[in-house]
Amino acid sequence: MPAALSSPPAPAFSSASADHADLDLDLLRKYDRPAPRYTSYPTAPLFTPGTPAEKLLESLRAESADASRPASLYFHLPFCESRCWFCGCTTVITRARGKADAYLDDLERELDLTGPWLNRDQPVAQLHFGGGSPTFLTPAQIRRLGEMIHARHRLAADAEVSVEIDPRRLTPAQAAAYHDLGCRRASLGVQDTDPRVQIAIHRFQPFDQTREAFQLLRDTRYSSISVDLIYGLPYQTPASFARTLEEVVSLRPDRLAVFSYAHVPWLKPAQKILERDRALPGPEEKLQLFALALRTLSAAGYVHIGMDHFARADDELARALRAGTLQRNFQGYSTRAGASIHAFGMSSISQTGRTYRQNTRDLGAYHDALAAGRLPIERGLVLTDEDVRRRRIIMGLMCERRLDFAALSAEFGFDFAETYAPELASLDDLAADGLVVRAFDGIELTASGVLLVRIVASRFDAHLPSETAPQNRFSRAL
Ligand code: SF4
C-alpha cells in the first residue's frame, strides 16, 4: 500500500508557517545538497542538440493555433560594459554600442523567421527584457526594439511588461524609453551594498546610485520595483549582509529576489577570481546569511513566495500564492498561467506544453544562423507524456506547496497514489524529519519543506543522476 495512504487521516491542508523565527538550522544543514532549481522539467542539461527543429516548431504551431492560450515573450539582451565576476548569465562584454544595432537586426530576423510558426492573434500576457543588461541599449535602440515587437505581436490590455535594470547605467531617457514600450515592472541588480564586497566582485555600485535609480523609476511611473540580492559572495558576513538588507528594505521594493551564489568556475571561469582572497563564505556561513535574509524580510512584512523570491503581502505574487495560482518558469515565479514562452536572442529558452528549445549561446553562431535564414536553435527536448505528468507534480510542489491526490488522479486519468507509490514512499525520511506532512488524500510541505522544496521535488524527478553520480551540475538547495 502506498505510504501516504497508510497514514491516518490528517487535518485539512493549512498554509506553511510564514514566521521564520524558529528556523530549524540543523534540518536545513542536513538537506543542503545539490538539486535542480526546476525552472523547467526536465531540466536544461537534458536538452539535446539532435532534437529536430521541425518537431519543436510543429509543436509551437499547434499550440499557437489556440488563440485563447496566452503567450509570454522573452528577449535576451546580452551586452554588458564590464564583467561582474560572480555572474552566471550568458553575456557579451563590450562598450561598442554599435554591436547592439547588429544584434537588433538579428532579433528582427528571428522574429520574422518565427512568425510563420506563430498565431499573431495569440495575446501576449507577459513581455520581459533580460540579459546581460537591457540598459546597455540606447533610448533609440530601445524604441526600435519596441516597434519591432509591437508590429508583430498583440499585447493584452493587462500584459505584464518588465525589464532588468543595471542601476549603474540607467539614464532618465532609458527609463522613459522602456516605459513607453510598456514596461511597468523593473528589477534592479544590487547584489550587496557593502563596498568591500562590491570591489571583490568587480561591481562597484554606491548605495546612493541604487537609491537614485529607484527614485527615477518611481518618478517615471513604474508601478512595481524588485531588487536582486545575492548571498554567498566574498567578504559577506551576517553583520555586513544585515546592513545590505536594512538599506534595501528602506527603499520599500515591491519584491526581492535573494539568490544563493552558485560557484561554478568550471562553467564560468571568471568566478575563479573570487577564490583569490579565500574570502568566499562556506556552506555554514551561507546558511547563516540565508536565515538572516529570511528572518529580516519576514519581519519587514515580506511574504516568502518560494525558493529565492519574496513579495509584499499586497503584491500580485503573494496574492497568487494565497489563491494557489502561482506559476514557475525560466524567469522564476510568475502569475500568468498556461502561457507558451516564445524566447528570442542568444541562449534564450522557449517552452510550449510539450517542448523546450534553446538558442545557441554563441553570438557569432546566433548571427550566422539567422543570416543564413535559419532559426538559431541549438538544442531542445520533446517531452513524453510521463515528463508532462512529472512536470505537473514538481510544479505543484514548487507553486502550490502540496499534492492533492484526487485532483491529480482526475487530471491524469489513473490513480495517482498507486502509480507514484515508489516516489511517495521515497518521502519517508522527509516526512520523518518534518519537511512534508502526509494526509490520507495528499501531501503538504511544512515551513521547512518550503525552504527545501528542491529536495522534495527531486524525489519525483525521473532523470536525476543517482546520489553517487557527480552532482556539480546543480547548485546546493540553499
Ligand atoms: S551581473 Fe548583470 S551586469 Fe554584471 S555581468 Fe552579469 S549580466 Fe552583466
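Colleague: Leaving out residues up to four places away in sequence, what does Glu423 touch?

Modeller: Glu423 touches Arg459 and Phe460. Keep in mind that this is a predicted model.

Colleague: Which helix is Glu423 in?

Modeller: Glu423 sits in helix H16, residues 421-425.

Colleague: Why does Glu423 count as partly exposed?

Modeller: Because Glu423 has 16 other C-beta atoms within 10 Å. Buried takes 20 or more, and exposed takes 12 or fewer.

Colleague: And how far apart are Glu423 and Thr39 in space?

Modeller: They are 21 Å apart, C-alpha to C-alpha. In sequence, 384 residues separate Glu423 from Thr39.

Colleague: New topic, domains. How is the protein divided?

Modeller: Domain 1 covers 3-40 + 384-458, and domain 2 covers 44-382. The centres of domain 1 and domain 2, taken over C-alpha atoms, are separated by 28 Å.

Colleague: How many residues does each domain put into the contact?

Modeller: Domain 1 gives 20 residues, and domain 2 gives 20 residues.

Colleague: On the domain 1 side, which elements give two or more residues?

Modeller: Helix H2 (25-31) and helix H13 (385-400). H13 gives the most to that side, with 5 residues.

Colleague: What is the make-up of that side by class?

Modeller: The side of domain 1 that touches domain 2 has 12 nonpolar, 3 polar and 5 charged residues.

Colleague: On to the core. Which residues touch the most other members of the largest nonpolar core?

Modeller: Tyr231, Leu397, Val453 and Val456. This core has 111 residues. Its largest share, 6 residues, comes from helix H10, residues 283-299. At least three residues come from each of domain 1 and domain 2.

Colleague: Take Tyr231. What is Tyr231 in contact with, leaving aside neighbours within four places in sequence?

Modeller: Tyr231 contacts Gln236, Phe241, Val258, Ser260 and Tyr261, along with Lys286, Leu289, Phe290 and Ala293. There is also a second, separate core of 5 residues, including Met346, Tyr366, Ala369 and Leu370.

Colleague: Last one, the ligand. Which residues are around the ligand?

Modeller: Cys80, Arg83, Cys84, Cys87, Cys89 and Thr91 are among them.

Key: Residues are numbered from 1 along each chain as its sequence is written. This is a predicted model: local features need pLDDT of at least 70, side-chain atom pairs count only at pLDDT 80 or more; totals for chains, interfaces and linings use all residues. A residue is near a molecule or strand if its C-beta atom, placed from the backbone, lies within 6 Å of it. Helices (H or I, at least four residues) and strands (E, at least two) are DSSP runs, numbered from the N terminus. Two residues are in contact if their C-beta atoms, placed from the backbone, lie within 7 Å. A nonpolar core is a set of buried Ala, Val, Leu, Ile, Met, Phe, Trp, Tyr and Cys residues joined through C-beta atoms within 7 Å. Domain bounds come from an automatic or database domain assignment. Ala, Val, Leu, Ile, Met, Phe, Trp, Tyr, Cys and Pro count as nonpolar, Asp, Glu, Lys and Arg as charged, and the others, Gly among them, as polar.
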